[in-house]
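This briefing concerns one protein structure, shown below. Please keep the sequence and the model in view while reading.

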Amino acid sequence: MAGSHKWVTTAVALLLIAVAVFVYGHNGLSAKKKIEVTVILKTIDTSVEFWQVLIDGVHEAAQEFNVNVQVWGTKSETDVDEQIALVEKAILNKPDAIVLAATDYERLVPVAEKIKKSGIKLIIVDSGIKSDAADSIVTTDNVSAGREAGEAMKSLIKDKAKIAIISYVKSAASHIDREKGVHEVLENYPGIEMLGTYNGEGSEQNSYLLAMEMLQQHNDVFGIIGLNEPTTVGAGRAIQELGLKGKVQLIGFDSSFNEIKLLDEGVMNATVLQRPFQMGYLSIKTAMEVVKGKKAAKLIDTGSLLITKQNMYEEENQKLLFPFVGNE
């Protein structure tokens, strides 16, 4: 009888140890669970190098900080409804954080507020919204970058000049701020006539056709400012095809292979270089920090730099012009 009692006591003790091990192990696994982040970009169009470089930055940070990421985006930067639907889907999946590059400054506000109410951390990257719902914003100071583009164009003007702007998505905060910066420099400058802003709707081909039409209608255009990669490349193609290299000045944004070629060939005078790899990297790093309870800076400016044919071959600028796209 005593032996039986001893056996029962031992069995109970072993069972309690097993339960304790299970609970500890389960909690340990929970504690080590990877942070889940969903990144929703304006587009995942592989022809736009800016987003591909930004995605490389996202994956680099995800690997370094042991974060699980999913990268989503629409086919076109103009598809606001589709981006809203993607955000709604992400909220249902309940990740720890959402990184959002908003296609529309105002229309993304309600769903961004919904992210916050759902207890999901929100990091804005590249292009913001008319709300303070985000825990942090990782972006270029686009007003300052617009001023850089405006100053670059102004430095080329000797007398009177007609200047046009080609935009990409008029409702995107980055566009609004860049255009504002350009106008701050040029609109009240003596002798400058602003022809207006032509909307390329996120398409290189649309921007090319707009530039062709505009240059044929106004044979005295002095310069064009493209506010992103597709608008710049589209305008550059039009200048080349019409034989206006050297006659029409082109200032652009970003640094795709085609833009570097335009710069090297003298079709483009300068481009405002952003740091998309750094944007992607810092957006994931910041998301990880806020999920862990750390306080992040409300605004993280990744900076911009004016690149010309004269300084494009400098070693530091070469590193920025040729980031390791696709490298692991």
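The model is predicted; local features need pLDDT of at least 70, side-chain atom pairs count only at pLDDT 80 or more, and totals for chains, interfaces and linings use all residues. Residues are numbered from 1 along each chain as its sequence is written, and side-chain values use heavy atoms, with hydrogens and water left out.

**Overall make-up**

- The protein has 11 helices and 12 strands; helices (H or I, at least four residues) and strands (E, at least two) are DSSP runs, numbered from the N terminus.
- Of the 328 residues in the protein, 49% are buried. Buried means under 20% relative accessible area, exposed means over 50%, and partly exposed lies in between, with a 1.4 Å probe and protein chains only.
- Among the contacts in the protein with a separation of 6 or more, 73% are between residues 24 or more positions apart; a contact means heavy atoms within 4.5 Å.

**The six-stranded sheet**

- An open sheet of 6 strands runs in the order β7-β6-β8-β9-β10-β12, and its pairing is mixed. Two strands count as paired if DSSP finds at least two bridges between them.
- The edges are held by β7 (192-199) and β12 (305-308), each of which has a single partner strand, so one side of each is left without a neighbour in the sheet.
- From one strand to the next, the twist averages 20°. Axes are lines fitted to C-alpha atoms, for helices over the stretch in contact, and angles run from 0 to 180 degrees between N-to-C directions.
- Strand β10 (residues 270-273) pairs with β12 in the antiparallel sense over 4 bridges, and V272 has L306 in β12 as its bridge partner.
- Helix α6 (residues 173-186) lies across β6 (161-167), β7, β8 (221-226) and β9 (249-253), at about 170° to β7.
- Helix α7 (residues 204-217) lies across β6, β7 and β8, at about 165° to β8.

**S167 in strand β6**

- S167 belongs to strand β6, and its relative accessible area of 0% makes it buried.
- Not counting residues up to four places away in sequence, S167 touches H175, T197, Y198, N199, G200, E201, L227 and T231.

**Strands β1 and β2**

- In β1, 6 of the 7 residues are buried, so this strand is largely enclosed by the rest of the structure.
- β1 and β2 pair in the parallel sense over 7 bridges, with E36 standing opposite N68 in β2.

**Helix α3**

- Helix α3 (residues 80-93) has 14 residues, which at 1.5 Å a residue should span 20 Å; its end C-alpha atoms are 20 Å apart, which agrees. The expected span is 1.5 Å times one less than the number of residues.
- V80, Q83, I84, L86, V87, A90 and I91 are the buried residues of α3. Seen down the axis of α3, they fall within an arc of 160°, so they line one face of the helix; the arc is that of the directions from the helix axis to the C-beta atoms.
- The cover over these buried residues includes β1 (35-41), β2 (67-73), β3 (97-100) and α4 (109-117).
- On the face of α3 turned away from its buried side are the exposed residues D81 and L92.
- At the start of α3, a side-chain oxygen of D79 comes to within 3.1 Å of the backbone nitrogen of E82.
- K94 follows α3 and has a positive phi, near 55°.

- In helix α9 (residues 257-264), the residues E259, I260, L262 and L263 are buried. Seen down the axis of α9, the buried residues fall within an arc of 160°, so they line one face of the helix.
- These buried residues pack against α8 (229-241), β9, β10, β12 and α11 (315-321).
- E265 is in the loop between α9 and β10, and it counts as partly exposed at 29% relative accessibility.
- Apart from neighbours within four places in sequence, E265 is in contact with Q240 and K245.
- The side chains of E265 and Q240 are joined by a polar contact of 3.2 Å. A polar contact is a pair of N or O atoms within 3.5 Å; within protein, one must be able to donate a hydrogen and the other to accept it, and residues adjacent in sequence count only if both atoms are side-chain atoms.
- E265 and K309 are 44 residues apart along the chain, and their C-alpha atoms are separated by 8.7 Å.
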